[in-house]
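Visitor: I have a model open and a few quick questions. Can we go through it together?
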Amino acid sequence: MDRSERLERAQAAYLGLAIGDALGATVEFMTPREIQHHHGIHREICGGGWLKLKPGQVTDDTTMSLALGEAIIASGGIDPHAIATAFDNWMRAKPVDIGNTVRRGLLHFRRTGESSSPYSEHDAGNGACMRTLPIALLTLGQEEGAVMAALQVQAHVTHNNALSDAGTYCVVRMVQMAIEGADRGELLNGPVRELIKRFPEFAFRGRRNDNPSGFIVDTLRVVFEALFDSDDFEGCLVETVNRGGDADTTGAIAGMIAGALYGREAIPERWLRAMDGTVLEACLAQAEGLRALG
């Protein structure tokens, strides 16, 4: 796969992140039965939800990713203090939504100036994974140790936890492999199998994973099931968000993987038209900037 094709898939991953976020936000915290009652099969970007969003508006999943990407590009690489400061500035700007673990980690940074929160067994949420796409794009082609080191810098500002790190690394590798041309089978038999071997709780077969919480295991079970039981971008995202629960984040993570896997042409034009144009422009620009820097 040549450089232009990699860039196109990187941009599709960023668009997928934002689209999955906006699509899922409408049904966040609803159960599948509630979604069915109110929307039938939810498949349109229409805003609303508990946050009362405008159509095409995104949440913390996308805006924290953009804050991270901006900090990396401005610094010319991974600068722990710059990344923590970017997240803190993001919180000071009063985002539409913020998770409890993220808030606690950023308040720790304000108090101490430390860009890494203390290790916690209780911080295995999905907040580090949802915003990790800039790391995947920056470190494409780098060795595992370098990828994990960069990943942990951004993750540990708020989520210093081994389970969170493992799930987030798996998603980063899935995105990178997809950008390089891997298919679904290679993603399943590579990083996903490796994750489940190390942490069997991520196994997603043998049960239907509905109404996922913000726990990284619940989140990725839904994402894996939707990704590997569908065969296109739209089908993956529709299946993901109709599971309900933390649907903006499952949608965002599924969107970044599926975007990298299927490419820009697979993204429905009606979804692109429904999105906030400023957000899409920022996603495309950052994907290009991060790949150039990487």
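Visitor: Which residues does Asp210 touch, not counting residues up to four places away in sequence?
Guide: Asp210 touches Pro32 and Arg243. Keep in mind that this is a predicted model.

Visitor: Where is Asp210 found?
Guide: Asp210 is in the loop between helix 10 (184-198) and helix 11.

Visitor: What separates the C-alpha atoms of Asp210 and Ala226?
Guide: A distance of 11 Å. Along the chain, Asp210 and Ala226 are 16 residues apart.

Visitor: Let's switch to aromatics. How many aromatic pairs does the structure hold?
Guide: Six aromatic pairs. One of them is Phe199 with Phe202, whose ring centres are 6.5 Å apart. Their planes meet at 80°, so this pair is edge-to-face.

Visitor: Are Phe199 and Phe202 buried or exposed?
Guide: Both Phe199 and Phe202 are buried.

Visitor: And what kind of pair do Phe224 and Phe228 make?
Guide: A tilted one. The centres of Phe224 and Phe228 are 6.5 Å apart, and the planes are at 40°, so the pair counts as tilted. An angle under 30 degrees would be stacked, and one over 60 would be edge-to-face.

Visitor: How are Phe224 and Phe228 placed in helix 11?
Guide: They are four residues apart in helix 11 (residues 216-228), so about one helical turn separates them.

Visitor: What is the relative accessibility of Phe224, and of Phe228?
Guide: Phe224 is at 0%, so it counts as buried. Phe228 is at 11%, and therefore counts as buried too.

Visitor: New topic, helix packing. At what angle do helix 1 and helix 3 pack?
Guide: At about 150°, with the axes 8 Å apart. Helix 1 covers residues 3-25, and helix 3 covers residues 60-75.

Visitor: Which residues make the contact?
Guide: From helix 1, Tyr14, Leu17, Ala18 and Asp21. From helix 3, Asp61, Thr62, Ser65 and Leu66.

Visitor: What is that contact by class?
Guide: Four nonpolar, two polar and two charged residues make up the contact of helix 1 with helix 3.

Visitor: Now Ala150. Where is it found, and what does it touch?
Guide: Ala150 is in helix 8 (residues 144-155). Leaving out residues up to four places away in sequence, Ala150 touches Ile78, Ile135 and Thr139.

Visitor: Is Ala150 buried or exposed?
Guide: Buried. Ala150 has 6% relative accessibility, so it falls in that class.

Visitor: Zooming out, what is the secondary structure of the protein chain?
Guide: It comes to 15 helices and zero strands.

Visitor: How does the radius of gyration compare with the globule rule?
Guide: The radius is 17 Å, close to the 19 Å that the rule gives for 294 residues, so the chain is as compact as a globular protein of that length. The C-alpha trace spans about 50 × 40 × 40 Å along its principal axes.

Visitor: What share of the residues is buried?
Guide: Buried residues make up 58% of the 294. The accessible surface of the chain is about 11,800 Å², with 49% belonging to carbon and sulfur atoms.

Conventions. Residues are numbered from 1 along each chain as its sequence is written. This is a predicted model: local features need pLDDT of at least 70, side-chain atom pairs count only at pLDDT 80 or more; totals for chains, interfaces and linings use all residues. Side-chain values use heavy atoms; hydrogens and water are left out. Axes are lines fitted to C-alpha atoms, for helices over the stretch in contact, and angles run from 0 to 180 degrees between N-to-C directions. Helices (H or I, at least four residues) and strands (E, at least two) are DSSP runs, numbered from the N terminus. Contact means heavy atoms within 4.5 Å. Ala, Val, Leu, Ile, Met, Phe, Trp, Tyr, Cys and Pro count as nonpolar, Asp, Glu, Lys and Arg as charged, and the others, Gly among them, as polar. Buried means under 20% relative accessible area, exposed over 50%, partly exposed in between (1.4 Å probe, protein chains only). The radius of gyration is taken over C-alpha atoms; the globule rule is 2.2 Å times the number of residues to the power 0.38. Accessible areas come from the Shrake-Rupley method with a 1.4 Å probe; for residues, only the protein chains shown count as cover.
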